[in-house]
Amino acid sequence: MRIAYLSPLPPQTSGIADYSAELLPPLSRHLEVELVVEDGAAVASEITAAFATHPPRRFPELLASGRFDAALYHLGNNRDYHAGIYRRLLAHPPGGAPAVLVLHEYVVHHLVRDVTLHAGDPDGYVEAMRWCYGRSGEAVARRGVATGVPLDPFRYPLFERAVDAAAGIIVHNRTTAERVLASRPGARVGLVQHHLSLAGLPAIGRDEARQRLGIAADDFVVATFGFLTEAKRLPVLLRAFARLRGELAAQRAARTRLLLVGEVSPHYDFDGVATPELRAGVEVTGRLGLDRFLLHMAACDVAVNLRHPTAGETSGTLVRLLGLGKPVIVTRAGAFAEIPDGCCAKVDLDEDEEELLVATLRALVNDPALRQAMGDNARRYAGAHTPETSAAAYAEVVRRAVEERWRPAPCPPPLAPYAAHDLFAELVRDASADLADLGIGETDGGVLAPVAQALVELDLDRAARGTSS
């Protein structure tokens, strides 16, 4: 069975590129894989040597010729790597080889906005919002375009049009599966846990990693990893660390350090957050190559991975930390809440978040046996999901899509796309959107029944049914 594979690939600096590089070798033992590579994109020589590649301009022709039994589209939220993949998915012919979408996160609003509004196509942006969220979506999009005030991507994630183009969807956590099915209950959604690849992870211990990095063996090192944005909840982490450091200094305990391993987003006011009194013992590494990034993972005692809001992503960095047997503290939200409790510590998003974070850090500092037990549990949990198990699950989804002739599922109202001049459909969707905005749900029969009766009495559905009076 031959498939087309569309994804960013190394050396592109994308977590999904790394993920694909890990997945491709075992996947090729189940399926014949050929790559569709974006124009101008460099691809690592070991990948091009192992797989046939095609330019995007030939992809429609190859699909039409029947060369591929299915196409696998990896979609994330970065326009630099996914704009072309998104456009090709929307253009995928629904009657031919099935399209299988790997949705790495359900919030792709930034991507859609970038390929429409920010590319000089405001009508395309408004149409995407209309397609996904009906007339209310269209109205707020027009208002946003007119005023220049951006919409909240987490309220309008804009994954629906990509899902509508796919015959099957693969996600990495239940949070994303549930969010997709809330809007598209007819979609075929399969869960494939994010795998752990040991390739590239340091085959050295904590002490050797510290020697290479110049970190003292008896320092207690807390670290957070990845691109530093507002979602990483740095004010909470910095305050909690400052309190912990003060307590340990008073006890004349080992020196405590906080490493912020990654680059600060240019859109984040880090200097305004990290005030001088909160910077003691804190180091920002800036962007690192993968080898030194992984060395910092091996060197730390505890990792903190706070995140809110979340986009439904499963963090590859977090999976690596678990695979290294590191005690990790996460936010009890989204996919992070799905990790078994014994494999990590979780803090809630409430008024006690900082207090709980301080208490958890304190417990981990003072109890080496707790750190060891949590790390051992984490290693076993992450190690159960390998590239080989992922590849087998992917191949099964593709096999079923081909053999069972999967096609994109029809869209349900009120979010379904509709003909521009279908008055009945527009009225139903307007009413549904307004009711939803008022908090009315499908179980509120006392409200919905008279609305439905009024719509029937208008008799506008005769044209929609193709009947006459």
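In this predicted model, helix α13 and helix α15 (residues 368-383) pack with their axes 7 Å apart, at an angle of about 120°. That angle makes α13 oblique to α15. On the side of α13 the contact is made by V319, L322 and G323, and on the side of α15 by A378, R379, Y381 and A382. By class, this contact of α13 with α15 has 5 nonpolar, 1 polar and 1 charged residues.

A further helix pair involves α1 (residues 15-27) and α16 (residues 387-403), whose axes come within 8 Å and cross at roughly 70°. From α1, the residues Y19, E22, L23, P26 and L27 take part; they meet P387, E388, S390, A391, Y394 and A395 of α16. The residues of this contact divide into 8 nonpolar, 1 polar and 2 charged.

**The sheet of 7 strands**

Seven strands form an open sheet with parallel pairing, in the order β3-β2-β1-β4-β5-β6-β7. Its edge strands are β3 (52-54) and β7 (189-191), each of which pairs on one side only. Neighbouring strands of this sheet are turned by 25° against each other on average, direction ignored.

Within the sheet, strand β1 (residues 2-6) and strand β2 (residues 32-36) run parallel and are joined by 4 bridges. R2 has E32 of β2 as its bridge partner. Helix α1 packs on the sheet and touches β1, β2 and β4 (70-75), its direction making about 150° with that of β4. Helix α4 (residues 79-90) lies across β1, β4 and β5 (99-103) and runs at about 140° to β4.

**The sheet of 6 strands**

An open sheet of 6 strands, with parallel pairing, has the order β10-β9-β8-β11-β12-β13. The edge strands here are β10 (282-284) and β13 (345-347), and each pairs on one side only. From one strand to the next, the twist averages 20°. Strands β8 and β11 pair in the parallel sense over 2 bridges, and V222 has V302 of β11 as its bridge partner. Helix α12 (residues 290-299) packs on this sheet, touching β8 and β9 (256-261), and its direction makes about 135° with that of β8.

**Backbone geometry in the loops**

Most residues other than glycine have a negative phi, and most peptide bonds are trans. A cis peptide bond with omega of about 10° joins P10 and P11; P11 is placed in the loop between β1 and α1. The peptide bond from H308 to P309 is likewise cis, with omega near -5°. P309 lies in the loop that runs between β11 (302-305) and α13 (316-323). R233, although not a glycine, has a positive phi of about 55°. Its place is in the loop between β8 (220-225) and α10 (234-250).

A search of the whole structure finds 2 cavities of 30 Å³ or more. Their volumes and lining classes are set out below.

| Cavity | Volume | Lining by class |
|---|---|---|
| Largest cavity | about 70 Å³ | 8 nonpolar, 1 polar and 4 charged residues |
| Second largest cavity | about 30 Å³ | 9 nonpolar, 2 polar and no charged residues |

The largest cavity is lined by 13 residues, and V163, A166, G186, A187 and A409 are those that lie nearest its centre. The lining of the second largest cavity consists of H92, P93, P94, G96, A97, P98, A99, A165, A166, A167 and P408. A166 lines both the largest cavity and the second largest cavity. The charge content of the linings can also be stated directly: the largest cavity has 4 charged residues in its lining, whereas the second largest cavity has no charged residues there.

Key
Residues are numbered from 1 along each chain as its sequence is written. This is a predicted model: local features need pLDDT of at least 70, side-chain atom pairs count only at pLDDT 80 or more; totals for chains, interfaces and linings use all residues. Side-chain values use heavy atoms; hydrogens and water are left out. Axes are lines fitted to C-alpha atoms, for helices over the stretch in contact, and angles run from 0 to 180 degrees between N-to-C directions. Contact means heavy atoms within 4.5 Å. Ala, Val, Leu, Ile, Met, Phe, Trp, Tyr, Cys and Pro count as nonpolar, Asp, Glu, Lys and Arg as charged, and the others, Gly among them, as polar. On a 1 Å grid over the protein atoms alone, a cavity is a set of points where a 1.4 Å probe fits but cannot get out, and a pocket is an open set with protein on both sides within 12 Å along at least five of seven lines; lining residues have an atom within 4 Å of a point. Grid points are joined across faces, edges and corners, and a volume is the space filled by probe spheres set on the points. Two strands pair if DSSP finds at least two bridges between them. Angles under 35 degrees count as roughly parallel, over 145 as roughly antiparallel, 65 to 115 as roughly perpendicular and the rest as oblique.
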